[in-house]
Amino acid sequence: MTGLDHINDYYDINLKYDRLRNHGIEAEEKNQDLYKSTKFAGYQMCKADLQDRETIYRLFEKEQFDVVVNLAAQAGVRHSLSHPQKYVDSNVTGFLTILEACRNYPVKHLIYASSSSVYGLNTRMPFSVKQNVDHPVSLYAATKKSNELMAHTYSHLFEIPTTGLRFFTVYGPWGRPDMALFLFTKAILEDKPIDVYNYGKMQRDFTYVTDIVKSIAKLAPKPPSGNDNWNSAEPDPSSAKAPYQLFNIGHNSPVQLMEFITEIEKNLGKEARKNMMEIQPGDVPATWADVSDLFEYIAYKPEIGISEGIREFIQWFRSYYKV
C-alpha cells in the first residue's frame, strides 16, 4: 500500500508529519521518493504534489496499482473565496493527473472524494445522489462537481471504473484545524470566544472518520460495471452506462449546531463564549445525507454519533496538545 501527500502549508505541517509518524513514516528527516513504514509492513509513502505529473506517472508505472483512492484536495469552503487559483490547481488539475495516470496505467477501481457541498442551493432533504446538483455556492463545491463530471468522462471514454463519494462534514482525531470541532475545542480551552454562524441555526450531518474509512474499505473491491437500466431520456445522475457511480457518506442524522456545541462543552466541562454571527458566503444552512444507495451496495452505513465521536476527538486533542 502506498500513500501520497504533498505536505502543503494550508495548515500546520507539524500535525501532518506527526500523523505520518503515527503510522511509522519519518518523512521529515530526509528527502527521498518513498518512505517505508516501520510500523506497518508493506506500507510506504510518497511525498509529492498531484500536479507533478512526472512523479505521479512514475509512481503508477512502478507500483501497478489495482485500486486508487484519491482523497487529496485543497479543502475549505471559506478559503476558496480568497484563494480560488489554489482550488483549480489542486482539485481540477491535480485530479486530471490522477485520471490520466489511471488511463495510462490501468487500475481496477478509482475511488475519489467529492463533497456534500455540491448540493449547493438544493433544499430538498435528505440530499440524494439522484438529485441534480447544478447550483454550487462556492468554488470549492464547483471543483468537486467538476471532479464528478471529469470522472464520468474518463469512465465513458476509457472504461475506468470510478466511484465518487460525497463526504458529509467529516471529523475525528487528527482532523483539520480549520474545522468547527477543532476550532471550538481549542478556543474553549483557551477561554476565547467561538464564532457561531447563522446565529446557531446551522444543521450538519456530521460523519466520524472511521465510518468513512470502513465505507471506503467495503467499496474498494466493488467497482461499478455500468448500469444497464440507465435511461438517457431520464438520466439518473448517480450512475451511467459507463462504469461510474456516486454515493453519499454521511451519518443520515443532521445535528443542530447548538447541540454539537453543547456536546463539546459537556466533554470539556466548560461553557463556550459565543459570538452569534450571520451565515458566511459559501455556507449552506443544512446538510442531510440519504445513504440508502450506499447501504444497499455495501450493507454498511455510518454508525458513530456525535456523543461518541466528540468524546474520542477531545481525548485525542487533550493527549496530543497536552491540555
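In which strand is the place of valine 67? I found valine 67 in strand β4, residues 67-70 (strands are DSSP runs of E with at least two residues, helices are runs of H or I with at least four, both numbered from the N terminus).

A note on the source: this is a predicted model, where local features need pLDDT of at least 70, side-chain atom pairs count only at pLDDT 80 or more, and totals for chains, interfaces and linings use all residues. Residues are numbered from 1 along each chain as its sequence is written, and side-chain values use heavy atoms, with hydrogens and water left out.

Next, I checked accessibility. Valine 67 counts as partly exposed because its relative accessibility is 33%, while glutamine 74 counts as buried because its value is 6% (buried is under 20% relative accessible area, exposed over 50%, partly exposed in between, with a 1.4 Å probe and protein chains only).

I then followed glutamine 74, which lies in the loop between β4 and α3 (79-82). Beyond its neighbours within four places in sequence, glutamine 74 is in contact with residues including Asn8, Tyr10, His79 and Tyr140 (contact means heavy atoms within 4.5 Å).

On to the sheet. Four strands make an open, parallel sheet in the order β4-β5-β6-β11 (two strands pair if DSSP finds at least two bridges between them). I noted β4 and β11 (244-249) as the edge strands, each pairing on one side only.

Last entry: β6 (residues 162-167) and β11 pair in the parallel sense over six bridges. Arginine 166 has asparagine 248 in β11 as its bridge partner.
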